[in-house]
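Please read the following alongside the sequence and the coordinates.

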Amino acid sequence: MAGADATAGGGRIMARWTAEEKEAAEWAERLFKKSCAPGPVVPEPATPEAVHAAIERFAELPTETGVMQDLAIGARRAAKGVSSDRLQGLSEIVQNAEDLGATEVRIQVREATLLVAHNGRPVLLTDVIPLSMPWLTSKAEDAEAIGRFGIGLMTLFHLSPTIEVYGGHYRLRISESGLSLAPARALPPELGGDEWTVFRVPLTEEPLTASDVDDWLASWGSEALLFLRHVATVVHLDTHGRIVRRLALRREAAERFTAEVAGQSVSVEVAHVRDPVGVRWRVCHAVVASPSGLEPAAKAVADATPLAVALPLEPGGTSAPFSETQTGHVHVRLPVAPLALPVRVHAAFDPTPSRQGLQATAWNKALVPRLADLWAAAVTEQFRLAPASSWPMVPLPQKTSRQGQAEVVGALEAALLERARLQVSACLRVDVSGKGPQALKDLAVEAAELTGVVTEAEIERLTEHPALPYAARDSSGRYRQVLEDWADNGAAKPVSVDVWDALELLGDKGRSMESAIELAAVGVTSGWAGPRLSSFAWLADERGTRHQPPESGELRIFADRPGSLAQNLGFAHVLHPAFLTDSPSSTCVREWLARSDALLTDGNELTALRRLASYGKARMNAPALQLADEQLRDLQDAFARLDAPDRSRLGGDVGLAVALQAHSYAPDGSRHDVWECPAKSYLPAGIDRADRAESFAHAAGNTPGLTWLRRRYSDVLRGTGAGMSPLSFLRLLGADTAPRIQLHRHREKRLNRREAPLHAPGSPESRIAKMHALGAEYTLNDRETPDLDAVAHAIADEADGAVRRQRAIALIQVLGRAWAKRYSEHESVTAAYAYRSWNFVDTVPGFWLLTAAVAKSRCAASRVQADGHRNSRWMAV
């Protein structure tokens, strides 16, 4: 390294130089005037004095031609502003060190001075002009060298008006005005020995601290060195020579593989690279044929050009996904342009003069598909080796095409995205235990909601394709985003297992209770909580017996504890304890059952009664719930505890859901014991409060088709129900004490309505005549009373005159008591005809009333007298 020197700079006269000094100065002039080409033919000065003579001559030559000196000064000033990064000069020194074969670069800030040293080839005479003259480079003919513009050091003029270079006998001072001999200096020993080259930058223009340098190196990271062939370490030293920050990489060779790049098969060299904190990369390097007929800008072209790809692997010592800890970059050995993908790539691109981007040259554009081919092959190989860590390497569309992105970088991002979709998806292979490497299209993947809920074996069972192994998926779930993008863009994709298909597994009796609950919860949250969930027996009771979930209108219900009304009535199962835990899945299933009125919580009686009422309303031909006496008393007590509105709303439908002991009569008068719903039955005289001789039971006698509850229920229900009498309770359930009136069964649909037609079955002649006279075709909202008709005809057919008269009187009494509340509003109905719309013409007596008049006539024909009962509106028809 340069030390003390007795020779003064610049003041000597050439005539006084020694022969060695003169020769060095002459060679300097030849180099300046390009009388000879730089290279081995240029002798290196052997003494310090000869080196200084050459430097002095280099400094004098531009001044001999004023224009030349002005051009040099202007070029230096222009080069100073090329980069927006004020420390870009550090990158340029590392680049210079790489080109000179250095293995280490050291940086130090001390005493308002920036010092940078490297252990590469020492400075030679042929280096002086490229170091001091902007836009001139010694590397234009070296296809492997990084540098090409000759402006690297000039960017340091941001920090200082002068830059000094010390190496061997050389000590240069470069300023905007030109080159001169730098003073001899004692440099810190921690920067290396005599074989090291040191750059010294006095910090006079702009302040720079050690923290600034450290921050810059931190932003660069050890990954900046990934594609360097020589420089493996960059260290930042404090003023005591201690390491503040160390960028370094350790490389281990790995197994090569073969790739197809630009239609040619090439061997890919692989290295596993690790930085000091354990961050790892897989670097794949190949040499491919240079683009035909094209040349890089300001650079020699060789027959082959290097390409490299660095894939980030899972970082050591951190749980963060590497896709979140790594950024992508395009390198020309060193980082040049950011890449919006988790990958770093290198090629002999033409960078911009600032080395902060890529030029839009034909050469650069031709390198893009070659680099994309190598990347696709490297990622495909990585899927073979470690599929779980490979998914974050695959680009997604939302991660590309950034605003203002340079043309070549944008084209590279687009090319990688296309290669991923069309090449990686088709070529990747994933090893499946027992089946070997499998293509993506031969694998199956469950819907996201099913992850961890269904096993690999169950996925294969559903699809007859092996599952994409869980071990081959990344924990962050990026694989799903990749597969979705591939599917959306026509790429190879696995067979899909959706929630609907997976719910079939609920029918597997060997499936554990807990896994069945998890799967059912997925069905609920995915919107398949209706028929599909109810198709399989998976809902377990306290004994472990599995049942299909109750459907709407079905009577069965589940309870979260024993002793509920529903359980006492025999239509509730107590849930298995596995369904009663606080797990999210169990909670989800219980909430779904509760929303469906299929779960009783805290023994809620209202929910049980609603379930009964819903069943009664919808049961059609389904069997009614036959109640024992104790169960009937429990039901009575539950209704007694309801609010009056709920009683009225639910009673009749509950009366359609349950069945009690009753009897009916056959046409031959024989009695038959049956089970029947209260809402379809009548109350016997023993329960009806009316005098037996005036009850509907007495009037009906043994009329066929009517059902009567057993009298004993009066005793069964007496003294229970919190004051609700047997009569009140059974009436609440729909049991009646007077003939029921109902909408006509034979209504026809016309103009969006269903109404009773003129010639409805059983229509009396008087009704037909009245409607003909009005030109009417229908009666609206018309009613019939089939039980009244049956009883009236039975009375008319009674052979015993005294009995016939007593029954007729009883029927008149029944109708009279119920007339105001039940029959009066249906005495008359609107007659109408339908032509384009409903046309109302007049009112006529209701169908049921005219039918009753026919029965009355039969009674009259049998000389039934009803003296004292003329107040009945029915007798007045």
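What does the accessible surface of the protein come to, and what share of it belongs to carbon and sulfur atoms? The surface comes to about 37900 Å², and 49% of it belongs to carbon and sulfur atoms; such areas come from the Shrake-Rupley method with a 1.4 Å probe, and for residues only the protein chains shown count as cover.

This is a predicted model, in which local features need pLDDT of at least 70 and side-chain atom pairs count only at pLDDT 80 or more, while totals for chains, interfaces and linings use all residues. Residues are numbered from 1 along each chain as its sequence is written, and side-chain values use heavy atoms, with hydrogens and water left out.

The protein has 877 residues, of which 53% count as buried. Buried means under 20% relative accessible area, exposed means over 50%, and partly exposed lies in between (1.4 Å probe, protein chains only). There are 25 helices and 35 strands, taken as DSSP runs numbered from the N terminus (helices H or I, at least four residues; strands E, at least two). Among contacts with a separation of 6 or more, 66% are made by residues 24 or more positions apart, where contact means heavy atoms within 4.5 Å.

Two helix pairs can be taken in turn. The axes of helix H4 (residues 88–99) and helix H6 (residues 210–220) come within 11 Å and cross at roughly 60°. That angle makes H4 oblique to H6. Axes here are lines fitted to C-alpha atoms, for helices over the stretch in contact, with angles running from 0 to 180 degrees between N-to-C directions. Angles under 35 degrees count as roughly parallel, over 145 as roughly antiparallel, 65 to 115 as roughly perpendicular and the rest as oblique. The crossing of H4 and H6 is right-handed; a crossing has this hand if the near helix is turned clockwise from the far one by less than a right angle, and is left-handed if anticlockwise. H4 contributes Leu90, Ser91 and Val94 to the contact, and H6 contributes Val213, Trp216 and Trp220. By class, these residues are five nonpolar, one polar and no charged. Ala, Val, Leu, Ile, Met, Phe, Trp, Tyr, Cys and Pro count as nonpolar, Asp, Glu, Lys and Arg as charged, and the others, Gly among them, as polar.

In the second pair, the axes of helix H16 (residues 605–618) and helix H17 (residues 629–640) come within 10 Å and cross at roughly 115°. H16 is therefore roughly perpendicular to H17. Their crossing is left-handed. Glu605, Leu609 and Leu612 of H16 meet Leu635, Ala638 and Phe639 of H17, a set with five nonpolar, no polar and one charged residues.

The loops come next. Most residues other than glycine have a negative phi. Lys34, in the loop between helix H1 (19–32) and helix H2 (48–60), has a positive phi near 60°. Lys34 counts as exposed because its relative accessibility is 72%. Ala262 also has a positive phi, of about 55°, and is found between strand E9 (250–261) and strand E10 (264–274). With a relative accessible area of 42%, Ala262 is partly exposed.

Ser670 is in the loop between strand E26 (658–665) and strand E27 (671–676). At 26% relative accessibility, Ser670 is partly exposed. Leaving aside residues up to four places away in sequence, Ser670 touches Ser664 and Tyr665.
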